[in-house]
Structure formats: structure tokens, C-alpha cells
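Good morning, everyone. Please put the model up on the screen, and we will walk through it piece by piece.

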Amino acid sequence: METENRTVVTEFILIGLTQSHDIQRLVFVLSLIFYIIILPGNILIILTIRSDPGLTAPLYFFLGNLAFLDASYSFIVAPRMLVDFFSEKKIISYKACITQLFFLHFLGGGEGLLLVVMAFDRYIAICRPLHYSTVMSPRACYVMLLALWLGGFIHSIIQVVLILRLPFCGPNHLDNFFCDVPQVIKLACTDTFAVELLMIFNSGLLTLLCFLGLLTSYAVILCHVHRSASEGKNKAISTCTTHVIIIFIMFGPAIFIYTRPFTALSADKVVSFFHTVIFPLMNPVIYTLRNQEVKTSMKKLIIRHIIC
């Protein structure tokens with residue numbers, strides 16, 4: 001197909017994470033280990049929360065959804081990356097590239113908003129405990145869940161629509177191991193300055209504001225907890241600390257990638273690898289090690305299935 005004597009791009013060639021075969025083998029082994037841990041870890045969290053009547057609080061309801069998002073997120077990049085390690089030419093069609101990009105930001109955006117909802121849940125539970133049962137009713141929790149899924153969809157569809165309007169006439173080499181906004185936009189055969197600004201506003205500024213807002217909210221919560229003398233003080237501090245760790249792990253790489261002009265840096269691939277492959281593992285590991293209720297319920301669930 002010809003448009004202005006230039007071939008319209010129907011596929012992209014992924015350069016990959018590295019050209020070194022030794023490093024590729026090492027990354028493949030590490031990625032496979034992480035992936036083997038990610039799925040069972042998150043599935044175990046979901047099964048534990050659903051099967052234990054003692055884990056019905058909104059905190060665990062949202063934690064179960066966080067595990068579901070992490071498990072789903074791990075399907076977007078990692079499986080194809082593992083297969084591509086054995087491919088001489090890593091080719092992805094234009095439609096598959098856009099689809100990958102959509103789900104990456106749909107689930108990633110939803111997860112970021114879920115962390116905001118979890119921060120709100122902790123604020124009400126710790127700073128406004130008398131209003132907790134009213135504000136965080138089951139109906140309110142489902143409304144918040146619907147809102148974050150809708151928010152993730154809107155965030156992602158905006159980026160997809162902007163990219164679909166761009167002409168791609170060649171070259172078609174993506175300097176990464178998956179399709180993402182910065183690399184794809186740079187291949188468009190037109191001036192992308194305005195589109196880049198819109199993308200930075202949609203992803204970068206939104207991510208930065210959520211990050212700063214979350215840190216501020218947890219700072220307020222921790223100050224309130226520090227001044228109180230309640231019996232659950234240590235538990236509240238532990239829970240909030242866990243959430244803050246997750247926030248830094250998730251938003252740190254996203255801020256690095258999306259809050260600056262889309263120019264390639266040597267650290268981009270490493271940060272992207274951490275963000276798309278390693279990060280989903282952090283949820284089950286951190287929550288299992290730091291949440292005593294979930295850890296105890298998991299042990300009971302595992303023992304019960306072993307005995308049966």
C-alpha cells in the first residue's frame with residue numbers, strides 16, 4: 001500500500017532488551033523465575049482473601065483487586081519477551097503493538113488509581129474511624145472499583161486515539177522489548193511535539209500528581225498515628241509503610257519514563273524492564289511478608305490443601 005510514495009508501516013521490529021547473548025540468557029532465566037513467582041503469588045493472594053471470612057474488610061477487598069491487576073499486568077509484556085529471546089527477528093504487528101500499549105496503560109492506570117483508593121481507605125480508617133463503616137460501605141467500595149477501572153480505560157484510550165491518528169511510514173525499528181508510547185511516537189513521520197506534550201500531560205503529570213498526593217496523604221496518616229496512643233498503632237504504621245513502599249516501586253519508574261521529553265536514555269530499558277516484569281512481583285512478596293493477617297491465612301490455606 002502506498003501513501004505519498006511511502007510504504008505504510010504494518011509491523012514493528014523490536015530491538016530487544018540487549019544484544020549480548022550472555023546477558024540475554026541471564027535476563028531470560030531471571031525473568032522466567034520472576035514470572036513463575038508472580039502468577040502463583042498473586043493467585044494465592046486472591047484465593048486467600050476470597051476463602052477467609054476474616055478478610056472481608058475493604059483493605060483486603062482492594063488488596064485482592066490489586067493482586068488481580070498485577071497478575072493481569074504480568075501477561076502484557078513478559079510472555080512475549082520470553083518468547084522473543086529465542087527469535088532472531090522480533091516482529092510485532094501494528095495492531096498487536098497498539099493492543100499491547102492499550103492494556104499496558106489500561107491496567108497500569110487502573111492500578112495507580114487503586115493505590116489512591118487504598119490511601120483513601122487508610123485515611124478514613126485511621127483518621128476518621130467513626131465514619132469508616134459508613135464511608136467505606138460495600139456499595140461505596142464497588143463504586144470506587146468501577147471508577148478506577150473507568151479511569152484506567154479513559155487514560156489509556158486517550159493515548160491510543162492520539163497514536164492512531166499519527167502516520168507511520170518508516171522506519172519501523174522500536175528500540176525496546178515491547179511497545180510503549182515514547183518509542184512508538186518517535187517513529188511517526190510527522191512533527192510529534194504537540195502529541196508528546198499531550199502524552200506527558202496525560203501520563204507524566206497525572207502520575208506525578210498522584211505520587212505527590214499519595215505521599216502527602218500517607219504523611220498525614222503517619223503523623224496522626226504517631227500522635228495517637230491506640231493499641232493498633234504498630235499495625236497501622238506497618239500497613240501504611242507497606243503501601244508507601246508499593247507507591248515508590250510503582251510510581252518511581254513511571255515518573256522517570258513519562259514526565260520528560262521522549263528522548264532515549266541508556267537507562268530507559270532497565271527502568272522499563274523493572275516496571276513491566278519485576279514490579280508485579282513486589283505486590284505478593286511485600287504484602288505476604290508485611291501483612292500478618294494475609295500471611296497467617298495463606299499458611300492455613302496451604303496447609304488445608306496439603307492435608308486434603
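Start with arginine 260, which sits in the loop between α9 (233–258) and α10 (268–290). A word on names: helices (H or I, at least four residues) and strands (E, at least two) are DSSP runs, numbered from the N terminus. This is a predicted model, where local features need pLDDT of at least 70, side-chain atom pairs count only at pLDDT 80 or more, and totals for chains, interfaces and linings use all residues. Residues are numbered from 1 along each chain as its sequence is written, and side-chain values use heavy atoms, with hydrogens and water left out.

Is arginine 260 buried or exposed? Arginine 260 counts as buried, because its relative accessibility is 15%. The cut-offs are these: buried means under 20% relative accessible area, exposed over 50%, partly exposed in between (1.4 Å probe, protein chains only).

What does arginine 260 touch, leaving out residues up to four places away in sequence? Ile200, Leu265 and Asp268. Contact here means heavy atoms within 4.5 Å. Now the polar side. The side chains of arginine 260 and aspartate 268 make a polar contact of 2.3 Å. A polar atom of the arginine 260 side chain also lies 2.8 Å from the backbone oxygen of phenylalanine 256. A polar contact is a pair of N or O atoms within 3.5 Å; within protein, one must be able to donate a hydrogen and the other to accept it, and residues adjacent in sequence count only if both atoms are side-chain atoms.

Next, helix α9. Its 26 residues reach 37 Å from first C-alpha to last, close to the 38 Å expected at 1.5 Å a residue. The expected span is 1.5 Å times one less than the number of residues. Where is the kink in α9? At phenylalanine 251, with a bend of about 25°, shortly before proline 253. That bend is the angle between axes fitted to the seven residues ending there and the seven starting there.

Compare helix α6 (residues 138–164). Its 27 residues should span 39 Å at 1.5 Å a residue, and the end C-alpha atoms are 39 Å apart, which agrees. Among the buried residues of α6 are Cys141, Leu148, His155 and Ile163. Their cover includes α2 (58–73), α4, α5 (132–135), α7 (181–186) and α8 (193–227).

On to the sheet. It is open, with three strands in the order β4-β3-β5 and mixed pairing. Why does one side of β4 and of β5 lack a neighbour? β4 (90–93) and β5 (173–174) stand at the edges with a single partner strand each, so one side of each has no neighbour in the sheet. Two strands pair if DSSP finds at least two bridges between them.

Strand β3 (residues 11–14) runs antiparallel to β4, joined by four bridges. β3 and β5 run parallel, joined by two bridges. Look at isoleucine 13: its bridge partner is isoleucine 91 in β4, and histidine 173 in β5.

Last, helix α4 (residues 94–127). It lies across β3, β4 and β5, at about 80° to β4. Axes are lines fitted to C-alpha atoms, for helices over the stretch in contact, and angles run from 0 to 180 degrees between N-to-C directions. Glutamate 111 is in this helix. Glutamate 111 is buried, at 2% relative accessible area. Beyond its neighbours within four places in sequence, glutamate 111 contacts Leu66, Leu69, Asp70, Met250 and Phe279.
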